[in-house]
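Good morning, and thank you for coming.

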Amino acid sequence: MAPDIDTATPLHVLDNPVWAALNGPSAAFAEAGPRGLAARYVADTSPFVALADPEDPESWADLAELAGPGATVWITGLPTPPPGWTTENSIPGVQLDGGAVRAETAPEAVLLGPADVPEMLELVGLTKPGPFARRTVELGTYLGIRHEGRLVAMAGERMRPPGWSEISAVCTHPEHRGQGLAGRLIRAVAASIRERGDRPFLHAAADNTGAVALYESMGFTLRRRPYFLGVRTPDAPDAAA
């Protein structure tokens with residue numbers, strides 16, 4: 001499927017957001033391939049990898065060396081893996097621009113950190129908002145709402161391309177849905193993003209229509225339709241060359 005952008009225009013950082021983030025504001029969390037044409041987040045932060053140029057076989061070869069033979073990695077965008085690679089998962093997604101979203105603080109929200117990770121992982125395991133690991137909280141600001149001491153909703157930041165910050169891990173405990181908690185946290189995270197001069201954006205699975213409808217009602221607008229691909233590197237390193 002072709003992207004919902006004008007491919008005749010120069011590439012935007014959000015066309016390859018993981019690469020832009022790992023070679024920019026999130027460089028402290030990056031591991032680069034031996035040729036400098038591929039990169040990934042360090043362990044336990046995010047499963048995503050990136051290519052300098054998804055059309056360049058050398059970038060794929062560099063990623064194969066970085067990840068190792070027979071490894072499964074996740075990449076976002078509209079890439080076509082070369083021969084020798086196996087696509088194990090293909091999830092249609094949407095990328096939404098939050099430039100028009102009203103940002104405002106949420107007085108009831110609390111800042112989450114490493115000490116809160118066990119509860120955050122428990123909430124993520126229950127609600128399945130997308131990848132979240134032990135060190136994901138280090139990637140940006142994470143806010144939560146507690147009820148009687150228990151974490152019942154959270155949202156935070158993941159990819160940070162120059163000038164942009166992705167709102168991620170938006171989730172609410174099933175017993176506390178319908179109270180507007182997710183919306184309040186999204187606006188609060190957006191406020192934090194705007195304070196440092198960045199613009200919010202987010203990704204969602206295209207079939208998560210309820211979440212997409214919420215985001216659009218808040219002012220997020222569709223920018224493009226990427227895929228989230230789980231791809232397996234070739235078993236033999238020379239098969240990627």
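This is a predicted model: local features need pLDDT of at least 70, side-chain atom pairs count only at pLDDT 80 or more; totals for chains, interfaces and linings use all residues.

Trp60 and Trp85 are both buried. The figure for Trp60 is a relative accessible area of 1%, so this residue falls under the 20% limit.

How many aromatic pairs does a search of the whole structure find? The search returns 5 of them. One of these is formed by Trp60 and Trp85, in an edge-to-face arrangement with 4.9 Å from centre to centre and 75° between the planes. This pair links distant parts of the chain, since Trp60 sits in helix H2, residues 57-67, while Trp85 lies in the loop between strand E4 (72-77) and strand E5 (86-97), 25 residues apart.

A further pair joins Phe132 and Tyr142, again edge-to-face, with the ring centres at 5.6 Å and the planes at 75°. Here too distant parts of the chain are linked: Phe132 belongs to the loop between helix H3 (117-127) and strand E7 (142-147), Tyr142 to strand E7, and 10 residues separate them. Phe132 has 11% relative accessibility and therefore counts as buried. Tyr142 is buried as well, at 0%.

Let me return to Trp60 and its surroundings. Leaving aside residues up to four places away in sequence, Trp60 touches Leu51, Pro54, Ile75, Pro79, Thr80, Pro81, Pro82 and Trp85. For a sense of distance across the model, the C-alpha atoms of Trp60 and Gly197 are separated by 34 Å, and these two residues are 137 apart along the chain.

Of the 11 residues of H2, 8 are buried, so the helix is largely enclosed by the rest of the structure. The buried residues are Ser59, Trp60, Ala61, Asp62, Leu63, Ala64, Leu66 and Ala67. What covers them includes strands E1, E2, E3 and E4.

Three of those covering strands can be described through their pairing. Strand E1, residues 30-32, and strand E2, residues 38-41, pair in the antiparallel sense over 3 bridges. Glu31 stands opposite Arg40 in E2. The hairpin of E1 and E2 has 5 residues between its strands, and within it Gly36 takes a positive phi near 75°. E2 also pairs with strand E3, residues 49-51, in the antiparallel sense and over 3 bridges. In that pairing, Ala38 has Leu51 of E3 as its bridge partner.

Strand E4 brings us to Thr76. Thr76 has a relative accessible area of 9% and is buried. Not counting residues up to four places away in sequence, Thr76 touches Pro17, Val18, Phe48, Met159, Pro226, Tyr227 and Phe228.

I turn now to helix H5, residues 209-217. Which of its residues are buried? They are Ala211, Val212 and Tyr215. Why do they lie on the same side of H5? They do so because they cover an arc of only 100° around the axis. As a general point, an α-helix has 3.6 residues a turn, so residues three or four places apart point the same way. What covers the buried residues of H5 includes E5, strand E9 (164-172), helix H4 (181-195) and strand E10 (199-205). The face turned away from the buried side carries the exposed residues Thr209 and Ser217. After H5 comes Gly219, with a positive phi near 115°.

Finally, the protein in overview. The chain has 5 helices and 12 strands. A compact globule of 241 residues would have a radius of gyration near 18 Å, and the 18 Å of this protein agrees with that. Along the principal axes, the C-alpha atoms fill a box of roughly 55 × 40 × 30 Å. Buried residues make up 50% of the 241. Among contacts with a separation of 6 or more, 72% come from residues 24 or more positions apart. The accessible surface comes to about 10800 Å², and carbon and sulfur atoms account for 52% of it.

Thank you for your attention.

Notes:
Residues are numbered from 1 along each chain as its sequence is written. Side-chain values use heavy atoms; hydrogens and water are left out. Rings of Phe, Tyr and Trp (its six-membered ring) pair if their centres lie within 6.5 Å; planes under 30 degrees apart count as stacked, over 60 as edge-to-face and the rest as tilted. Helices (H or I, at least four residues) and strands (E, at least two) are DSSP runs, numbered from the N terminus. Buried means under 20% relative accessible area, exposed over 50%, partly exposed in between (1.4 Å probe, protein chains only). Two strands pair if DSSP finds at least two bridges between them. The arc is that of the directions from the helix axis to the C-beta atoms. Contact means heavy atoms within 4.5 Å. The radius of gyration is taken over C-alpha atoms; the globule rule is 2.2 Å times the number of residues to the power 0.38. Accessible areas come from the Shrake-Rupley method with a 1.4 Å probe; for residues, only the protein chains shown count as cover.
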